[in-house]
Amino acid sequence: MTCVVVGLGACGPEADVFLRKAMTQLAHHPAWRVLHSSRVYRNPAWGAPLPFDFRNAAMLLEAHGSPAGVLRNLLTIENRLGRVRSIRYGKRSLDLDLLWSEGQPVASDFLTLPHPRLTQRAFALVPLIEVLDQAQISVPLEYRRAAAQTRRQERLFLHSLSLSTDFAGAVEH
């Protein structure tokens with residue numbers, strides 16, 4: 001088993017609905033156990049102007065199998081929930097990213113860990129740091145520095161949706 005951090009993102013009028021659906025799928029996956037969930041953050045669209053703010057959160061999972069297997073399962077969940085990949089930085093109903101895995105870095109054509117743009121994005125770093133802190137897992141100093149710097153550049157706010165308490169009962173299988 002290995003610990004991984006999954007970043008969850010959604011944009012659009014039903015962003016909160018898609019985040020809840022994704023959290024439910026992650027919490028009930030037979031090969032995973034949810035250890036911690038971050039609070040939900042909102043921020044203006046990154047990369048392209050959109051009429052809706054993004055919602056972002058992170059979950060720390062204990063996963064059976066390889067990080068590549070986790071990513072394949074995340075892509076399946078995205079597809080099951082209607083994710084359509086059209087515009088790179090455009091509106092999306094759901095985005096599940098494998099951000100971090102304990103142990104050695106991973107570099108392949110299919111997967112790079114830690115996520116290659118992690119230190120450039122407060123909307124991913126802040127929730128990731130939150131779940132690692134909850135689990136008392138050491139957070140690299142470069143992540144904390146990058147989060148402080150990028151958070152000043154991005155307008156990142158706590159959102160009223162609280163997924164971490166909603167899924168407290170789904171943590172144990």
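This is a predicted model: local features need pLDDT of at least 70, side-chain atom pairs count only at pLDDT 80 or more; totals for chains, interfaces and linings use all residues.
**Exercise 1. Determine how the axes of α3 and α4 are oriented to each other.**

Step 1. The two helices pack at an angle of about 140°, and their axes lie 9 Å apart.

Step 2. An angle counts as roughly antiparallel if it is over 145 degrees and as roughly perpendicular if it is from 65 to 115.

Step 3. The crossing of α3 past α4 is left-handed. On the side of α3, the residues in contact include Leu 125, Val 126 and Ile 129; on the side of α4, they include Tyr 143, Ala 146 and Ala 147.

**Exercise 2. Decide whether Gln 136 is buried or exposed, and describe its backbone.**

Step 1. Locate the residue: Gln 136 belongs to the loop between α3 and α4, the latter spanning residues 141-153.

Step 2. Consider the backbone: Gln 136 has a positive phi of about 60°, although it is not a glycine.

Step 3. Apply the cut-off: a residue is exposed when its relative accessible area is over 50%. The relative accessibility of Gln 136 is 74%, so this residue counts as exposed.

**Exercise 3. Identify which residues the cis peptide bond joins, and state where Pro 114 lies.**

Step 1. The cis bond joins Leu 113 and Pro 114, with omega at about -5°.

Step 2. Pro 114 is placed in the loop that runs between β7 (112-113) and α3 (122-134).

**Exercise 4. Summarise the architecture of the protein chain.**

Step 1. The chain contains five helices and eight strands. Along the sequence, their order is β-α-β-β-β-α-β-β-β-α-α-β-α.

Step 2. Of its 173 residues, 49% count as buried. The chain exposes about 8700 Å², of which carbon and sulfur atoms supply 51%.

Step 3. Among contacts between residues at least 6 apart in sequence, 74% join residues at least 24 apart.

**Exercise 5. State where in the protein chain the confidence is lowest and where it is highest.**

Step 1. The average pLDDT of the chain is 84, and 84% of the residues score at least 70.

Step 2. Confidence is lowest in helix α5 (residues 163-166), with a mean of 50, and highest in strand β2 (residues 32-37), at 96.

Step 3. Over residues 168-173, pLDDT stays under 50; for this stretch the model has 11 contacts beyond four places in sequence.

How values were computed. Residues are numbered from 1 along each chain as its sequence is written. Side-chain values use heavy atoms; hydrogens and water are left out. pLDDT is the predictor's confidence in each residue, from 0 to 100. Helices (H or I, at least four residues) and strands (E, at least two) are DSSP runs, numbered from the N terminus. Contact means heavy atoms within 4.5 Å. Buried means under 20% relative accessible area, exposed over 50%, partly exposed in between (1.4 Å probe, protein chains only). Accessible areas come from the Shrake-Rupley method with a 1.4 Å probe; for residues, only the protein chains shown count as cover. Axes are lines fitted to C-alpha atoms, for helices over the stretch in contact, and angles run from 0 to 180 degrees between N-to-C directions. Angles under 35 degrees count as roughly parallel, over 145 as roughly antiparallel, 65 to 115 as roughly perpendicular and the rest as oblique. A crossing is left-handed if the near helix is turned anticlockwise from the far one by less than a right angle, and right-handed if clockwise.
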